[in-house]
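Take a look at the model below. We will walk through it piece by piece, beginning with a pocket.

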Amino acid sequence: MKTFRNLILGFILLSVLSCGRKQQPVLPRQEMAERLLMEADSLMRADSAFWLAAVNRTHPAICRYDSAIRKKLDNAMLMCPALKKVYLTKYVYLMRSWKPDEILLLLRKMATNVPDSIAADMWSLKAVLEDRAGFRDTAKHDFRKADSIYELTLRHYAKEQRDTMQYSAIRVMKALNLSLLYDNFQLLQHELELYRRVYETPLDGWEVLYTIESKEQYYRFVFGN
(Lines give C-alpha, C1' and ligand atoms only; values in the text may rest on other atoms or scores of the structure.)
Protein backbone atom coordinates (compact mmCIF):
# COMPACT_ATOMS: atom_id res chain seq x y z
CA MET A 1 0.00 0.00 0.00
CA LYS A 2 2.87 2.37 0.81
CA THR A 3 4.37 1.76 -2.63
CA PHE A 4 0.99 2.49 -4.20
CA ARG A 5 0.71 5.76 -2.27
CA ASN A 6 4.20 6.76 -3.40
CA LEU A 7 3.22 6.00 -6.97
CA ILE A 8 0.14 8.22 -6.69
CA LEU A 9 2.25 11.00 -5.17
CA GLY A 10 4.65 10.64 -8.05
CA PHE A 11 1.84 11.17 -10.56
CA ILE A 12 0.69 14.27 -8.63
CA LEU A 13 4.22 15.67 -8.64
CA LEU A 14 4.55 15.09 -12.37
CA SER A 15 1.26 16.92 -12.92
CA VAL A 16 2.51 19.91 -10.95
CA LEU A 17 5.81 20.03 -12.83
CA SER A 18 4.05 19.79 -16.20
CA CYS A 19 1.79 22.81 -15.60
CA GLY A 20 2.06 25.27 -18.45
CA ARG A 21 3.27 22.59 -20.87
CA LYS A 22 1.30 20.54 -23.36
CA GLN A 23 -0.63 17.87 -21.44
CA GLN A 24 0.38 14.31 -22.35
CA PRO A 25 -2.39 11.72 -22.79
CA VAL A 26 -2.85 9.45 -19.79
CA LEU A 27 -1.72 5.89 -20.50
CA PRO A 28 -4.12 3.03 -19.69
CA ARG A 29 -3.10 1.05 -16.61
CA GLN A 30 -2.20 -2.07 -18.59
CA GLU A 31 -0.03 -0.10 -21.00
CA MET A 32 1.78 1.54 -18.09
CA ALA A 33 2.24 -1.86 -16.43
CA GLU A 34 3.68 -3.31 -19.64
CA ARG A 35 6.06 -0.37 -19.89
CA LEU A 36 7.29 -1.03 -16.35
CA LEU A 37 7.68 -4.71 -17.26
CA MET A 38 9.79 -3.85 -20.31
CA GLU A 39 11.97 -1.55 -18.20
CA ALA A 40 12.46 -4.31 -15.62
CA ASP A 41 13.29 -6.77 -18.39
CA SER A 42 15.89 -4.40 -19.83
CA LEU A 43 17.56 -4.08 -16.43
CA MET A 44 17.62 -7.85 -16.01
CA ARG A 45 19.23 -8.33 -19.42
CA ALA A 46 21.79 -5.63 -18.67
CA ASP A 47 23.45 -7.88 -16.06
CA SER A 48 24.52 -10.79 -18.25
CA ALA A 49 26.64 -12.35 -15.48
CA PHE A 50 23.49 -12.85 -13.41
CA TRP A 51 21.92 -15.00 -16.13
CA LEU A 52 25.02 -16.85 -17.28
CA ALA A 53 26.04 -18.11 -13.84
CA ALA A 54 24.55 -21.38 -12.60
CA VAL A 55 21.91 -21.09 -9.87
CA ASN A 56 23.74 -21.38 -6.55
CA ARG A 57 21.29 -22.27 -3.79
CA THR A 58 23.91 -21.88 -1.07
CA HIS A 59 25.12 -18.47 -2.22
CA PRO A 60 22.41 -17.11 -4.55
CA ALA A 61 23.41 -14.50 -7.12
CA ILE A 62 22.06 -10.98 -6.82
CA CYS A 63 21.36 -8.98 -9.94
CA ARG A 64 23.15 -5.64 -10.09
CA TYR A 65 19.83 -3.84 -10.48
CA ASP A 66 17.87 -5.97 -8.02
CA SER A 67 16.12 -3.14 -6.15
CA ALA A 68 15.00 -1.32 -9.31
CA ILE A 69 13.80 -4.54 -10.95
CA ARG A 70 11.71 -5.54 -7.95
CA LYS A 71 10.18 -2.08 -7.67
CA LYS A 72 9.18 -1.99 -11.33
CA LEU A 73 7.69 -5.49 -11.27
CA ASP A 74 5.79 -4.88 -8.04
CA ASN A 75 4.43 -1.56 -9.33
CA ALA A 76 3.37 -3.27 -12.56
CA MET A 77 1.41 -5.83 -10.51
CA LEU A 78 -0.29 -3.03 -8.59
CA MET A 79 -1.17 -1.26 -11.82
CA CYS A 80 -2.56 -4.35 -13.53
CA PRO A 81 -3.08 -7.38 -11.23
CA ALA A 82 -4.32 -9.52 -14.14
CA LEU A 83 -1.21 -9.06 -16.32
CA LYS A 84 0.19 -12.60 -16.42
CA LYS A 85 3.53 -11.64 -17.98
CA VAL A 86 4.53 -9.68 -14.89
CA TYR A 87 4.05 -12.64 -12.56
CA LEU A 88 5.88 -15.02 -14.87
CA THR A 89 8.78 -12.60 -15.28
CA LYS A 90 9.11 -12.16 -11.53
CA TYR A 91 8.85 -15.92 -11.04
CA VAL A 92 11.78 -16.53 -13.39
CA TYR A 93 13.74 -13.74 -11.71
CA LEU A 94 13.15 -15.11 -8.20
CA MET A 95 14.05 -18.62 -9.33
CA ARG A 96 17.36 -17.33 -10.68
CA SER A 97 17.91 -15.42 -7.43
CA TRP A 98 16.71 -18.50 -5.50
CA LYS A 99 14.35 -16.82 -3.03
CA PRO A 100 12.04 -19.67 -1.88
CA ASP A 101 10.07 -17.60 0.63
CA GLU A 102 9.37 -14.89 -1.94
CA ILE A 103 8.55 -17.48 -4.59
CA LEU A 104 5.87 -18.93 -2.30
CA LEU A 105 4.32 -15.49 -1.72
CA LEU A 106 4.32 -14.85 -5.47
CA LEU A 107 2.75 -18.22 -6.28
CA ARG A 108 0.03 -17.59 -3.70
CA LYS A 109 -0.70 -14.26 -5.34
CA MET A 110 -0.77 -15.95 -8.76
CA ALA A 111 -3.18 -18.61 -7.46
CA THR A 112 -5.55 -15.79 -6.53
CA ASN A 113 -5.11 -13.40 -9.45
CA VAL A 114 -3.96 -15.48 -12.45
CA PRO A 115 -4.38 -19.20 -11.59
CA ASP A 116 -4.54 -20.31 -15.22
CA SER A 117 -0.99 -19.06 -15.78
CA ILE A 118 0.50 -21.51 -13.25
CA ALA A 119 2.10 -24.49 -14.98
CA ALA A 120 2.26 -27.99 -13.47
CA ASP A 121 5.85 -27.62 -12.25
CA MET A 122 4.92 -24.31 -10.58
CA TRP A 123 1.97 -25.91 -8.74
CA SER A 124 4.31 -28.70 -7.65
CA LEU A 125 6.89 -26.23 -6.37
CA LYS A 126 4.17 -24.30 -4.55
CA ALA A 127 3.07 -27.57 -2.94
CA VAL A 128 6.62 -28.27 -1.77
CA LEU A 129 6.99 -24.77 -0.33
CA GLU A 130 3.57 -24.95 1.37
CA ASP A 131 4.48 -28.35 2.82
CA ARG A 132 7.76 -27.05 4.23
CA ALA A 133 5.89 -24.06 5.68
CA GLY A 134 3.52 -26.43 7.51
CA PHE A 135 0.42 -25.94 5.34
CA ARG A 136 -0.13 -29.64 4.65
CA ASP A 137 -3.71 -29.47 3.32
CA THR A 138 -2.82 -26.68 0.89
CA ALA A 139 0.21 -28.67 -0.21
CA LYS A 140 -1.92 -31.75 -0.94
CA HIS A 141 -4.33 -29.63 -2.98
CA ASP A 142 -1.44 -28.16 -4.99
CA PHE A 143 0.25 -31.53 -5.59
CA ARG A 144 -3.06 -32.84 -6.95
CA LYS A 145 -3.53 -29.73 -9.07
CA ALA A 146 -0.08 -30.29 -10.56
CA ASP A 147 -0.89 -33.95 -11.21
CA SER A 148 -4.07 -33.08 -13.12
CA ILE A 149 -2.17 -30.63 -15.35
CA TYR A 150 0.62 -33.16 -15.96
CA GLU A 151 -2.06 -35.69 -16.95
CA LEU A 152 -3.67 -33.28 -19.42
CA THR A 153 -0.26 -32.47 -20.88
CA LEU A 154 0.57 -36.15 -21.35
CA ARG A 155 -2.75 -36.77 -23.08
CA HIS A 156 -2.08 -33.87 -25.41
CA TYR A 157 1.41 -35.17 -26.21
CA ALA A 158 0.05 -38.65 -26.89
CA LYS A 159 -2.69 -37.33 -29.13
CA GLU A 160 -0.32 -35.09 -31.11
CA GLN A 161 2.39 -37.79 -31.18
CA ARG A 162 4.95 -35.28 -29.98
CA ASP A 163 8.62 -35.87 -29.08
CA THR A 164 8.66 -39.16 -27.16
CA MET A 165 11.68 -38.15 -25.05
CA GLN A 166 9.89 -35.02 -23.88
CA TYR A 167 6.80 -37.13 -23.19
CA SER A 168 8.90 -39.47 -21.04
CA ALA A 169 10.46 -36.54 -19.18
CA ILE A 170 6.99 -35.23 -18.30
CA ARG A 171 6.07 -38.71 -17.02
CA VAL A 172 9.10 -38.52 -14.72
CA MET A 173 8.06 -35.08 -13.46
CA LYS A 174 4.54 -36.38 -12.83
CA ALA A 175 5.98 -39.34 -10.92
CA LEU A 176 8.17 -37.02 -8.83
CA ASN A 177 5.14 -34.89 -7.97
CA LEU A 178 3.14 -37.95 -6.87
CA SER A 179 6.11 -39.34 -4.94
CA LEU A 180 6.24 -36.09 -2.98
CA LEU A 181 2.48 -36.16 -2.39
CA TYR A 182 2.52 -39.73 -1.03
CA ASP A 183 6.12 -39.74 0.24
CA ASN A 184 6.61 -42.93 -1.78
CA PHE A 185 9.57 -42.69 -4.11
CA GLN A 186 9.09 -46.12 -5.62
CA LEU A 187 6.81 -44.33 -8.10
CA LEU A 188 9.69 -42.12 -9.21
CA GLN A 189 12.26 -44.91 -9.23
CA HIS A 190 9.99 -47.03 -11.45
CA GLU A 191 9.60 -44.19 -13.96
CA LEU A 192 13.31 -43.40 -13.96
CA GLU A 193 14.17 -47.05 -14.58
CA LEU A 194 11.67 -47.17 -17.43
CA TYR A 195 13.27 -44.09 -18.96
CA ARG A 196 16.74 -45.63 -18.66
CA ARG A 197 15.63 -48.87 -20.32
CA VAL A 198 13.90 -47.09 -23.21
CA TYR A 199 16.67 -44.55 -23.94
CA GLU A 200 19.61 -46.57 -22.59
CA THR A 201 20.79 -43.56 -20.56
CA PRO A 202 19.76 -41.80 -17.33
CA LEU A 203 17.67 -38.67 -17.65
CA ASP A 204 20.27 -35.96 -18.25
CA GLY A 205 20.71 -33.63 -15.26
CA TRP A 206 18.44 -35.74 -13.05
CA GLU A 207 20.99 -38.39 -12.02
CA VAL A 208 20.71 -37.46 -8.34
CA LEU A 209 17.02 -38.44 -8.34
CA TYR A 210 18.04 -42.09 -8.69
CA THR A 211 19.35 -41.90 -5.10
CA ILE A 212 16.33 -40.16 -3.51
CA GLU A 213 14.28 -42.42 -1.25
CA SER A 214 12.09 -40.01 0.76
CA LYS A 215 10.49 -36.59 0.72
CA GLU A 216 12.79 -35.31 3.47
CA GLN A 217 15.84 -36.44 1.52
CA TYR A 218 14.54 -34.62 -1.55
CA TYR A 219 13.94 -31.44 0.50
CA ARG A 220 17.49 -31.58 1.85
CA PHE A 221 18.80 -31.88 -1.69
CA VAL A 222 16.76 -28.93 -2.95
CA PHE A 223 16.97 -26.60 0.04
CA GLY A 224 20.14 -27.75 1.72
CA ASN A 225 18.64 -28.04 5.19
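This is a predicted model: local features need pLDDT of at least 70, side-chain atom pairs count only at pLDDT 80 or more; totals for chains, interfaces and linings use all residues.

The largest pocket has a volume of about 590 Å³. Its lining comprises 21 residues, and those closest to the pocket centre are Arg57, Leu176, Trp206, Tyr218 and Val222.

Now step back to the fold. The protein chain holds 11 helices and zero strands. Read along the sequence, the pattern is α-α-α-α-α-α-α-α-α-α-α. The chain has 225 residues, and 38% of them count as buried. Take the contacts between residues at least 6 apart in sequence: 54% of these join residues at least 24 apart.

The largest nonpolar core has 63 residues. Within this core, Ile69, Ile103, Met110, Phe143, Leu180, Leu188 and Tyr218 touch the most other members. Helix α9 (residues 164-182) gives the most to this core, with eight residues. Tyr218 belongs to this group of core residues, and Tyr218 is also among the residues closest to the centre of the largest pocket. Leucine 188 deserves a look of its own. Beyond its neighbours within four places in sequence, leucine 188 is in contact with Val172, Ala175, Leu176, Ser179 and Leu209.

The buried residues of α5 are Val86, Tyr87, Lys90, Tyr91, Tyr93, Leu94, Arg96 and Ser97. An α-helix has 3.6 residues a turn, so residues three or four places apart point the same way. Just after α5, tryptophan 98 takes a positive phi of about 50 degrees.

Finish in helix α7, where lysine 126 sits. Is lysine 126 buried or exposed? Its relative accessibility is 5%, below the 20% cut-off, so lysine 126 counts as buried. Its side chain makes a polar contact of 2.8 Å with the side chain of aspartate 142. Not counting residues up to four places away in sequence, lysine 126 touches Leu104, Leu107, Arg108, Ala111, Thr138 and Asp142.

Definitions and conventions. Residues are numbered from 1 along each chain as its sequence is written. Side-chain values use heavy atoms; hydrogens and water are left out. Buried means under 20% relative accessible area, exposed over 50%, partly exposed in between (1.4 Å probe, protein chains only). Helices (H or I, at least four residues) and strands (E, at least two) are DSSP runs, numbered from the N terminus. A polar contact is a pair of N or O atoms within 3.5 Å; within protein, one must be able to donate a hydrogen and the other to accept it, and residues adjacent in sequence count only if both atoms are side-chain atoms. Contact means heavy atoms within 4.5 Å. A nonpolar core is a set of buried Ala, Val, Leu, Ile, Met, Phe, Trp, Tyr and Cys residues joined through side-chain atoms within 4.5 Å. On a 1 Å grid over the protein atoms alone, a cavity is a set of points where a 1.4 Å probe fits but cannot get out, and a pocket is an open set with protein on both sides within 12 Å along at least five of seven lines; lining residues have an atom within 4 Å of a point. Grid points are joined across faces, edges and corners, and a volume is the space filled by probe spheres set on the points.
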